[in-house]
Amino acid sequence: MEFIPERTIAAQKLPIYDVIIAGAGPVGLFLACELALANCSVLILEKAENPHSPLKQIPFGIRGLSAPTIDALDRRGLLNQLELHKRLKSPHQNAGQGARRQVGHFAGIPFHEGDIDTTQWKYRLSSSTQTSLISEMEELETVLVRRAESLGVDIKRGLAITDVHQTEDEVTVQAGDQSFTGEWLVGCDGSRSVVRKAGGFDFAGTEPEFTGYTTQLDIADPEKLSPGRNVTPTGMYMQSQPGYVIIQDFDGGAFHQSDQPLTSEHVQAVLRRVSNTDVTITALHRATTWTDRARQATTYRNRRLLLAGDAAHIHAPLGGQGLNLGLGDAMNLGWKLAATIQNKAPEGLLDSYYAERHPIGAQVLDWSRAQVAVMGTSPQALALNAIIRDLMDTRDGATYFAGRVWGIFTHYNLGEAHPLAGQSVPNFELEDGTKIGDLLHDGRGILLDFTMNASLKALADEYGDRLKYVSGRAKEQLGLSAVLIRPDGCVAWASEGDPACSELRKAAARWFVSQESGITKAENR
């Protein structure tokens with residue numbers, strides 16, 4: 001399917017897109033897929049000409065996907081297209097096996113599969129997707145590009161945005177010697193976002209404690225380096241695979257922020273100082289630096305400009321939570337922006353993107369800062385590290401840290417009475433084998449009725465194709481009678497016993513516009 005934008009500028013004959021997205025990384029691509037699924041015309045502008053890079057491939061590009069991301073991919077029919085996790089269970093050569101298999105970490109302190117009590121997670125059902133799995137940036141981008149192109153998304157590479165101008169009705173961007181116009185512009189263009197800077201967004205936060213190095217190299221005497229993760233008086237180093245070394249040098253981020261070249265000699269000097277060895281590097285194949293700088297935009301919207309992913313928040317890549325956080329932004333924003341564009345959005349729907357996602361981002365930034373504090377080299381940090389290690393070696397401790405790292409506890413405060421509201425909907429399996437993840441593939445909201453209540457069907461019918469009515473018994477119902485599910489899979493309302501239609505009607509009106517009150521985009525022009 002190919003989108004033909006509905007309007008053109010008569011003089012220039014340039015198409016006006018519903019949305020222009022800056023950045024063709026996973027966040028920008030996933031957001032484009034969500035918008036196109038809702039029949040919006042989308043243009044992605046990506047500054048890099050070549051989508052392929054060794055930094056996106058194993059080992060540099062490896063990423064751990066959390067439960068919300070896995071659920072999101074499953075709910076759009078994309079999860080089964082990922083293959084890497086089927087042959088790679090852990091990126092660490094010393095991860096262990098069985099109950100002692102390392103399945104995650106906090107500040108480098110591992111938690112193990114056998115220590116986690118999943119029965120404490122009451123909304124994870126036997127039919128739920130995995131809580132975590134391994135992928136890589138290139139694999140994710142390949143899947144999302146294929147999906148985006150099949151939905152008619154226009155992807156233009158080698159075009160870096162250099163200027164942005166917005167009016168009350170549209171946004172015009174300059175990229176190279178070309179200009180493009182859209183009704184909305186979303187910055188998914190990373191930590192140095194041009195959209196964020198052009199929009200005057202305040203990017204508040206904390207400065208770094210260290211420079212991190214991710215390297216692929218040859219070592220003449222690798223036996224001089226201890227296996228696993230090693231905290232020393234000057235930093236930390238870890239060789240997770242032969243020739244793949246991560247280093248943290250507590251220099252206040254000085255080297256990363258300098259203009260000095262990243263040479264074999266420099267990496268060797270840092271590794272020797274941090275490891276307190278005379279190890280010799282014979283070849284540096286690839287290397288990149290990063291810091292624990294933690295900043296977040298104080299708002300995610302300026303009129304017709306929006307931010308998502310690293311453009312909205314940055315932090316240390318400890319535990320790989322940045323990718324998951326950004327994909328969560330895209331899943332939350334996509335359906336809300338599409339409904340706004342098509343005049344199918346209740347009052348305040350688009351503003352709920354910031355209200356819901358900013359607190360989640362703030363939590364992740366604090367989680368990252370806490371890890372940096374525990375990874376420090378001072379006597380206080382080492383004492384704190386020992387206490388956290390003891391806690392993580394308990395069943396409740398491991399379960400808590402796994403739940404945080406894997407996003408099990410991620411939820412929005414919707415102000416509804418039932419504790420399931422604001423949570424990711426459990427992957428209920430109906431008696432015919434259909435799962436909720438399957439029913440969300442089309443990106444529509446669902447009213448799930450376990451009691452076949454005629455009044456609930458009548459209410460759902462008022463919303464036409466904007467709200468899908470599904471009835472039937474589930475194999476595990478958690479004592480529920482009905483559940484209202486948003487297009488992003490978030491529970492908007494839930495009831496046990498005989499549902500009160502007045503409460504359901506109020507909840508539905510908060511997220512959806514009924515057929516009678518809705519105005520189509522064409523009608524509004």
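These notebook entries record what I looked up in the predicted model shown above.

**Entry 1. Conventions**

I number residues from 1 along each chain as its sequence is written, and side-chain values use heavy atoms, with hydrogens and water left out. As the model is predicted, local features need pLDDT of at least 70 and side-chain atom pairs count only at pLDDT 80 or more, whereas totals for chains, interfaces and linings use all residues.

**Entry 2. The chain as a whole**

I began with secondary structure and found 14 helices and 25 strands in the protein chain. Helices (H or I, at least four residues) and strands (E, at least two) are DSSP runs, numbered from the N terminus. The radius of gyration is 24 Å, close to the 24 Å from the globule rule for 525 residues, so the chain is as compact as a globular protein of that length. That radius is taken over C-alpha atoms, and the globule rule is 2.2 Å times the number of residues to the power 0.38. Along the principal axes, the C-alpha atoms fill a box of roughly 75 × 60 × 35 Å.

I then looked up burial: 56% of the 525 residues are buried. Buried means under 20% relative accessible area, exposed over 50%, and partly exposed in between (1.4 Å probe, protein chains only). The accessible surface comes to about 22,200 Å², and carbon and sulfur atoms hold 49% of that surface. These areas come from the Shrake-Rupley method with a 1.4 Å probe; for residues, only the protein chains shown count as cover. Of the contacts (heavy atoms within 4.5 Å) between residues at least 6 apart in sequence, 72% join residues at least 24 apart.

**Entry 3. Strand E18**

Which strands pair with E18 (residues 294–297)? I found that E12 (residues 203–206) pairs with E18 in the antiparallel sense over four bridges, and that E21 (residues 313–314) pairs with E18, also antiparallel, over two bridges. Pairing requires that DSSP finds at least two bridges between the strands. Arg-295 of E18 stands opposite Gly-205, and its bridge partner in E21 is Ile-314. Both faces of E18 are covered: Ala-294 and Gln-296 are buried on one side, Arg-295 and Ala-297 on the other.

**Entry 4. Helix H12**

In H12 (residues 454–461), I noted Leu-456, Leu-459 and Ala-460 as buried. Seen down the helix axis, the buried residues fall within an arc of 100°, so they line one face of H12. The arc is that of the directions from the helix axis to the C-beta atoms. An α-helix has 3.6 residues a turn, so residues three or four places apart point the same way. The cover over the buried residues of H12 includes strands E22 (445–449), E23 (467–471) and E24 (482–485), and helix H13 (501–511).

**Entry 5. Salt bridges**

How many salt bridges does the structure hold? I recorded 24, a salt bridge being a side-chain nitrogen of Lys or Arg within 4 Å of a carboxyl oxygen of Asp or Glu.

Arg-76 forms one with Glu-34, the closest N and O atoms being 2.7 Å apart. Arg-76 lies in the loop between H2 (67–74) and H3 (84–87) and Glu-34 in H1 (residues 26–37), so this pair ties together parts 42 residues apart in sequence. Arg-76 is buried at 2% relative accessibility, and Glu-34 is buried at 5%.

Lys-468 and Asp-442 meet in a salt bridge of 3.0 Å, N to O. Lys-468 lies in E23 and Asp-442 in the loop between H11 (436–439) and E22, so the pair ties together parts 26 residues apart in sequence. Lys-468 is buried at 15%, whereas Asp-442 is partly exposed at 31%.

Glu-462 and Arg-505 meet at 2.8 Å, N to O. Glu-462 lies in the loop between H12 and E23 and Arg-505 in H13, so parts 43 residues apart in sequence are tied together. Glu-462 is partly exposed at 33%, and Arg-505 is partly exposed at 39%.

**Entry 6. A network and its neighbour**

I found Lys-336, Glu-356, Arg-486 and Asp-488 linked in a network of salt bridges. Asn-332, in helix H7 (residues 321–341), has a relative accessible area of 0% and is buried. Leaving out residues up to four places away in sequence, Asn-332 touches Tyr-353, Glu-356, Arg-357, Tyr-412, Arg-486 and Asp-488.
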